[in-house]
Amino acid sequence: MSELPERVSGARPVSDLPAHLQCSSCSKPLFNAQQTLHGCRLCHACVTGLLHEVEKRPCPGHTEACTLRDRHSEEDVGGGVETEVSRATCYPDIATRREVAKLRVRCPNCDAGCSVQLEWARMDQHVQQSCDWHSLRCEQCKELILKKDMQRHTSSECRHRKETCDLCSQLVTHSEMETSHRNLQSDVCCPRFSARCPHCSERSTPMDRRGYVAHLSECPERTVECKYSHLGCGEMVSRSDLERHYRDSMDSHLELMDSKLKQAAVVPSNSAAVPQSSVGAAAPTATTADGREVADVKRRVGSVFEQFKKLQVNVANWAHSTMELEQLADRFGGVSQLRTLLSGLDERTRSVEQLLQQVQQLQQQVQQLQQQVQQAQRSQ
């Protein structure tokens, strides 16, 4: 007797199952029954799921046959020894399989709606050929669909079914038709498809993809970044609401500007301390020519630091101006005068950034001069 296909293992007997046709481990029908050397009967699922291929383990059965008396140790120990089995020690129980194959069972798809009852041996033919409640996998979307619904699914429901665009005659899937082929915001939009702008649909007229791309640069309802995003404002507002945003967020923009300027005014103290210590450490023990060179380097370092200090004062002045702006905002409560001040803050920020660049350049000059000092000292 050959094995029954695994796809019909879920079939349930119509009547009560006799005890000798129940698995000794799980009490379910002995589907593709296996028998151990000590006579225990197990279903195929318990053999493959509970037993090792070759390593012997205690038999999972619960019958008397699963425990044998050790005659040699019965008097000393007085207990039973559980028989150990593996898949390799089990063999097909042909007689039991023949009985199980003749059992009348319900279709495995009975919960889905099939009411057919057949012998277990004939059930596989029914499932594959005539059961309308059997689930098949759609070749396009890979979803499980009932056999009776497959034709409707492939023709009108499958999201990967092919469709021909009635505008450009291109063959695309249904999901692409909805998400990209007829979507002005998609780079692969149908060249002949036209629709209103999704941002200002009530105001705009139908346009194609090319017209939509050109329209975006002036669409009043398209969301754009605040012009103070470089300061930290993360708001995204429609182009038509920009003026209102600038007016309502004036205080927060001032705070961002203040924070930016304060950060720019902070200069690490060790940037000036290191060169001074380096200059002070120069020992005038060189020759006359080397001494003049070292003195010249010291003079240039001192000149650079004088310029550096002036820049620090300028940055501090910018920070002080920011504090005055805050006081002005508190005094006038964000009236029209602050708009003019706010428009000028951008120019001040650019000036600060230029000052910072000059500071960085001076720092680089200091480093170069330090290297020259060190080289002059080594040459002594």
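Student: What share of the 380 residues counts as buried?

Tutor: It's 34%, with buried meaning under 20% relative accessible area (1.4 Å probe, protein chains only). Keep in mind this is a predicted model, where local features need pLDDT of at least 70, side-chain atom pairs count only at pLDDT 80 or more, and totals for chains, interfaces and linings use all residues. Residues are numbered from 1 along each chain as its sequence is written, and side-chain values use heavy atoms, leaving out hydrogens and water.

Student: How many helices and strands are there?

Tutor: The protein has 11 helices and 16 strands. Those are DSSP runs numbered from the N terminus, helices being H or I of at least four residues and strands E of at least two.

Student: Which strands make up the open antiparallel sheet?

Tutor: Three of them, in the order 3-2-8. Pairing here takes at least two DSSP bridges between two strands.

Student: And why is one side of strand 3 and of strand 8 left without a neighbour?

Tutor: Strand 3 (41-42) and strand 8 (91-92) sit at the edges with a single partner strand each, so one side of each has no neighbour in the sheet. Strand 2 (residues 34-35) is joined to strand 8 by two bridges, and Q35 stands opposite Y91.

Student: New topic: which residues touch the most other members of the largest nonpolar core?

Tutor: V8, L103, W120 and M123, out of 29 residues. A core is a set of buried Ala, Val, Leu, Ile, Met, Phe, Trp, Tyr and Cys residues joined through side-chain atoms within 4.5 Å. Helix 3 gives the largest share, three residues.

How values were computed
Buried means under 20% relative accessible area, exposed over 50%, partly exposed in between (1.4 Å probe, protein chains only).
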